[in-house]
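Subject: Structure for you to look at

Hello,

Here is the structure I said I would pass on. My notes on it follow below.

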Amino acid sequence: MESWTSDSDEDFEWGSDDEVVDEGTRHSSVPPSGPSQPPIPTHEAITGPSNKACEEGPSRPSLVREFIVMGFKEDMVVKAIEENGEGDTEAILETLLTYKAIEKAPSDHDSSPNDCSLPSDKENTDEDLSDMDGFKDEEFTEDLSEKDRKLLILVEMGFPTDKASSAINRCGPHASLLELADSIHAAQMAEESDYHLRESPISGSSEEGTYIYDSQRGRKRRSPEETNCKRKRWLSDNESMIFLPKPMVGFSLPNQRMTIANRKIPEAAIGPPYFYYENVALAPKGAWETISRFLYDIEPEFVDSKHFCAAARKRGYVHNLPIHNRFPLRPTPPKTIQEAFPMTKKWWPSWDSRRQFNCLQTCVASAKLTERIRIELEKYGDPPPERIQKYVLDECRRWNLVWVGRHKVAPLEPDEIEMLLGFPRDHTRGGGISRINRYKSLGNSFQVDTVAYHLSVLKDMFPNGITVLSLFSGIGGAEVALHRLGIHLKTVVSVEISDVNRNILKSWWEQTNQTGELIDLFDVQELNGDKLEQMINTFGGFDLVIGGSPCNNLSGSNRYSRDGLEGKHSSLFYDYFRILDLVKCIMGKYF
């Protein structure tokens, strides 16, 4: 796995409500359909051109072999690994592709700046490579179009021509090679998933006790489709797919006319309790169809938070809340980078046309990268050559860098990200919380202004306060949103597995002088019907069940284990459904 910064050896964790990716999937991002070659002996795999054995560790032979099987030369593979380190397979792959492209490029490629043709810090995002507007790989050939050049490289990597062409059409000609390879891989996995879903014996089973094995816990648990209300929701071949809208504005935006929405809430889903579920919009094929089917066939509302703040955050929300009479939080947050950070205007070059940040992630660029950018810019006058501009802009978009001096860029600080996401200043600061954990916790959180706009309809519905079951609470984005809306939190049952995040939420609860009760639970998988029934009898039921399960296996940036809702972490969505279903059934029995 990649590190928090590109020059660190710490493990990086994907997605929202991150958990660690399996060691066994560490190198699964290598495309599976490359040209087949027999394995090479271990000694040959770990020696470079000088025949000197590498000392990086036992994982080196298998890593070298994987890239050799893809058709790359051994000495080229060893050189790329030495340059990028073993932990960053994405950077190794893109470096190898660069080497291969350079071999076929015109001889004037040497005029490129040192290090500028090679990506120095690969993104470790939860999220949305498509947010990287305008991001492209370096062009090495003048006679091919962007699309044709990438199609050629993908075919040389071993991907079928039709699959490669379809991926370029889906992602656009400016998508990076890694994004295209991941799209092909994801499409293959989705096809296999659809086949197994159609062939699944569970969908037609009439047995009373159907169980699935929970590999994360090492025990059996009841399958998500078999709950107290006995609903079974499976996709059929003739059902329509869910498509992401453009622009991604949901059912309405503040101060704009509501889009025409033929939205019907099934009788079984009509609240209370109201529910609100969130996850990344750019999930693998079929994921949102499954989420929608389990959550009462409700149409997802897809929203990009760039319409609420100065940073993109593409998310899907499935909820049974009313969609009329919404109102935004005040004061309205800044919508552009320079409105949010006016001090940067002095140093912002005219050739950097960014007005908003891409999705805020759980990691930041290294000091090594920002120093490299400074060095390259100082070699040339203002403005620098186009190839330098392109290199710098690509890195600035990838890492959300801001200009803090002449030729100087820097990553956003945690308190700046807090502001962009709608949290109070110092929300994640202090109390033994490291800088790395601050970035991680913020990168996995709600964008408060976006969520508050959807939840605003609850204020008039619950004038005396609200009782909330908050699943996968994180750092309390839902609680902060409700509080900022002026909705009294009578009781919040917060379920969050991260000690760091639980401490952040408890600290905020105390600092804001909440008069309600905060009940702190550890694991959604331990929340069963008996506990829920006891709490429902005590509190008189829940008014809102809210949460966003981990997106580790859904995020487009996860090259290692993008297994969709069947992945180790993202399968926790079924626990959200299980708990919601139990709450509705228990409340239906008593109220």
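A residue counts as buried when its relative accessible area is under 20%, and as exposed when that area is over 50%. Cysteine 551 has a relative accessible area of 0%, so it is buried. Please keep in mind that this is a predicted model.

I begin with cysteine 551 because UniProt, in an unreviewed entry, lists Cys551 under "active site". The record's annotation may be inferred rather than shown by experiment. In the model, cysteine 551 sits in the loop between β11 and α19. That loop, which runs between β11 (544–547) and α19 (573–590), also holds serine 549. Serine 549 has 0% relative accessibility and therefore counts as buried too. What does the side chain of serine 549 contact? Its partner in a polar contact is the side chain of tyrosine 277, at 2.6 Å.

Next, the overall figures. The protein has 19 helices and 11 strands. Of its 591 residues, 58% count as buried. Among contacts with a separation of 6 or more, 73% are between residues 24 or more positions apart.

Helix α18 covers residues 529–539, and its buried residues are Leu532, Glu533, Met535 and Ile536. Seen down the axis of α18, these fall within an arc of 165°, so they line one face of the helix. The spacing follows a general rule: an α-helix has 3.6 residues a turn, so residues three or four places apart point the same way. Exposed residues Asp530, Gln534 and Thr538 are on the face of α18 turned away from the buried side. The cover over the buried residues of α18 includes three strands, β8 (466–471), β9 (489–495) and β10 (517–521), together with helix α19.

Both ends of α18 have something to note. At its start, a side-chain oxygen of asparagine 528 comes to within 3.2 Å of the backbone nitrogen of aspartate 530. After the helix comes glycine 540, with a positive phi near 80°.

The other helix I looked at is α10, residues 367–378. At 1.5 Å a residue, its 12 residues should span 16 Å, and the end C-alpha atoms are 17 Å apart, which agrees. Which residues of α10 are buried? They are Leu369, Thr370, Arg372, Ile373, Glu376 and Leu377. These cover an arc of only 155° around the axis, which puts them on the same side of α10. They pack against α11 (386–399), β6 (401–405) and β7 (408–411).

Alanine 365 lies in the loop between α9 (337–340) and α10. With a relative accessible area of 5%, alanine 365 is buried.

β6 and β7 pair in the antiparallel sense, over 4 bridges. One of the bridges joins leucine 401 to proline 411 in β7. The hairpin of β6 and β7 has 2 residues between the strands, and histidine 407 there takes a positive phi near 65°.

Regards

Note on methods:
Residues numbered from 1 in each chain as written. Predicted model: local features only at pLDDT ≥ 70, side-chain atom pairs only at ≥ 80, totals over all residues. Heavy atoms only, no water. Buried < 20%, exposed > 50% of the residue type's maximum accessible area, 1.4 Å probe, protein only. Polar contact = N/O pair within 3.5 Å; in protein donor to acceptor, adjacent residues only side chain to side chain. Arc of directions from axis to C-beta. Contact = heavy atoms within 4.5 Å. Expected span 1.5 Å × (residues − 1). Pairing = 2+ DSSP bridges.
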